[in-house]
Amino acid sequence: MVLRRRLSLAGLALATAAAGLTLLPASAEAAPGRTAEAAPAPALAATAPDIDVTRVQAHLTELNAIASRNGGNRRSTTQGYRDSVAYVKGKLQAAGYTVTEQACTSGCTSGAGPNLIAEWPQGDASKVYMFGSHLDSVSAGPGINDNGSGSATLLEVALKLAETKPSMAARVRFGWWTDEEQGLNGSDFYARSLTSAQRSAIKAYYNFDMVASPNGGYFINHITSAAAAPMKAYWDSLNLQPEENTEGAGRSDDYSFENYGIPTSGYAMGASARKTSAQAAKWGGTAGAAYDGCYHSACDTTANINATGLNRSADGVAYTLWKQAVADTAPTNDFSVSVSPATGSTDPGTSLTTTVSTATTSGSAQTVTLSAAGAPSGVTVSFSPASVTSGASATATVSVGSSVPPGTYPLTITGTGTTTHSASYTLTVKGAGGCTSSQVLSNGGFESGTSPWTGDTGAIGTFSGQSAHSGTRYAWLAGYGYAATDTLAQTVTVPSGCTRATLRYWLHVDTAESGTTVYDTFQVKVDGTVKQTYSNVDAATGYTERTLDLSQYLGRQITLSFTGTEDSGLQTSFVVDDATLTTS
């Protein structure tokens, strides 16, 4: 939670404690750092899964370790923050989320890392429930309660959603914000960047900032609002008698959404404010002491976590998500179909291939039979294999007869199971014609922010210790001195009609390794296939121009990527600048 107080919204109503509820004894609070004993789930939450607090704590342990490896903190401008983003991102991508790193290009501290946005790709896209927490810490400490606790809670709830795959009535989107501790800057940039239609689609935003304070209370943002109803209902079912979060009003990322009229709520357990005698009587803990005595301090480590509060918060988040976004009916078996690349160009009398991928989007996996339609006379499409279990892929071979006239032909690739789904593929049959030289790689000099590059875009920028080949910005891959991988990728269409396509880029390699043994590598890949490799052995002063013939991809859409991979020993930095992909 940001220390600098912003003005709270006018007219914020304070809720009175609910009457007639049984008080929890003080002994119900677990000691900081200990795992809470599992309590019987209330009947209210029967449809929502239980969140295993030990798995949330495992994420906190990793965030603490990341801070320890990076000067003791995870401030938004540091490698500790970038490593935190990479950890969360890796878990979400493996679980099937659509994950985006959003660079904060205005309003954030110079050098701040990106926001991380993850969306579960099911449910009504016009009805979005968003759950967020800030991922950065202050420079004074690792920020495990503030706000590893909120970040780890959302991560584990997101993973549980992916694991259970319920039928979705609405979309669920998660946000991990940068630069909150410097003034709510990352969430403000996100909310400010949304169109009015995108803001209207967000039916409620839920914020979680410090949900495991060791002397904490149970606080809810806007406790009497419609958005807060499921959050309050869950904590009421535990007889916690939650109160309005007055300390946090205007001090965390929910404020960024409130400013644009989006309903908000969220859980918190308190920061530097002091627990009252009445609160100690109903929640346990020490009256007159701060909710978190390690707030914004070096002692905000995994030892500063109230496991009971963390468990109650995580289960309440899951209950709220299920209540708001999960459909009441059991999921039906369904799947999706996609084609990559989605375009191809070839001469008459030749063939080309594309990959048809399927995925189980709800329920259980099923057999999907593949077929193609729309091919002109003389063009055939075959599949290997002809049917797959959803989640698997097949290779489609498009064979073009020698008499097929030049032109562009839209094909439809269809998967048939309990239902049918299709994807489009555009075939271009080349004919006589000249070549118009072109350069198709965008922002190859990295001077225009990070778009359209995807992946570890925090590697793009200006950093102490390296310099650009030209301009001021570049991509610095690896160079950490421990096991890590950075990847930048861009999808482009290589025009047809020419005879040559050439990738050119400038690469600087410096290393602390010695000798001729390869420890750390830099690879250029096309559609995941390695086409070029350099290593610590290629270290040299200054930049060296590298070229790669990509003529085999003329007329195709490809994904080009640069990947730096480092072992656990000494550092090797791979610095890329001024990349172009030209046809001639």
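Aspartate 188 counts as partly exposed because its relative accessibility is 21%; the class lies between buried, under 20% relative accessible area, and exposed, over 50% (1.4 Å probe, protein chains only). The structure is a predicted model, in which local features need pLDDT of at least 70 and side-chain atom pairs count only at pLDDT 80 or more, while totals for chains, interfaces and linings use all residues. Residues are numbered from 1 along each chain as its sequence is written, and side-chain values use heavy atoms, with hydrogens and water left out.

**Salt bridges**

Aspartate 188 has a salt-bridge partner, arginine 192. A salt bridge here is a side-chain nitrogen of Lys or Arg within 4 Å of a carboxyl oxygen of Asp or Glu. Both residues belong to helix α4 (residues 185–193), where they are 4 residues apart, about one turn of the helix. Helices (H or I, at least four residues) and strands (E, at least two) are DSSP runs, numbered from the N terminus. Arginine 192 is also partly exposed, at 33% relative accessibility.

The count of salt bridges is 13.

| Pair | N to O distance |
|---|---|
| Aspartate 188 and arginine 192 | 3.2 Å |
| Lysine 232 and aspartate 236 | 2.7 Å |
| Arginine 55 and glutamate 163 | 3.6 Å |

Lysine 232 and aspartate 236 sit in helix α6 (residues 229–237), 4 residues apart, about one turn of the helix. Lysine 232 is partly exposed, with 24% relative accessibility.

Arginine 55 is partly exposed at 34% relative accessibility, and glutamate 163 is partly exposed at 46%.

**Helix packing around α3**

Two packed helices are described by the angle between their axes and the distance between the axes. Axes are lines fitted to C-alpha atoms, for helices over the stretch in contact, and angles run from 0 to 180 degrees between N-to-C directions. Helices α1 and α3 pack at about 130 degrees, their axes 8 Å apart. At that angle α1 is oblique to α3; angles under 35 degrees count as roughly parallel, over 145 as roughly antiparallel, 65 to 115 as roughly perpendicular and the rest as oblique. The α1–α3 crossing is right-handed; a crossing is right-handed if the near helix is turned clockwise from the far one by less than a right angle, and left-handed if anticlockwise.

Contact means heavy atoms within 4.5 Å. On the α1 side of this packing, the contact residues are Arg55, Val56, His59, Leu60, Leu63 and Asn64, and those they meet in α3 include Ile144, Ala152, Leu159 and Glu163.

Helix α2 (residues 79–95) packs on α3 at about 10 degrees, with 9 Å between the axes. These two helices are therefore roughly parallel to each other. Tyr87, Val88, Lys91, Leu92 and Ala95 of α2 make this contact with Leu155, Ala158, Leu159 and Ala162 of α3.

**The open sheet**

An open sheet with mixed pairing holds 5 strands in the order β10-β17-β16-β12-β14; two strands pair if DSSP finds at least two bridges between them. Its edge strands, β10 (343–346) and β14 (387–389), each pair on one side only. From one strand to the next, the twist averages 30 degrees. Strand β12 (residues 367–373) runs antiparallel to β14 and is joined to β14 by 3 bridges; in one of these, threonine 369 is partnered by serine 387 of β14.

Serine 345 lies in strand β10 and is buried, with a relative accessible area of 8%. Not counting residues up to four places away in sequence, serine 345 touches Leu352, Thr428, Lys430, Ser496, Leu554 and Gly555.

**Backbone exceptions**

Most residues other than glycine have a negative phi, and most peptide bonds are trans. The bond from serine 340 to proline 341 is cis, with omega near -5 degrees, and proline 341 lies in the loop between β9 (334–340) and β10. Serine 384 and proline 385 are likewise joined by a cis peptide bond, with omega about -5 degrees; proline 385 lies in the loop between β13 (379–384) and β14.

Aspartate 179 has a positive phi, near 60 degrees. Aspartate 179 is in the loop between β4 (171–177) and α4 and is buried at 0% relative accessibility. Asparagine 239, in the loop between α6 and β7 (243–244), also has phi near 60 degrees, but is partly exposed at 26%.
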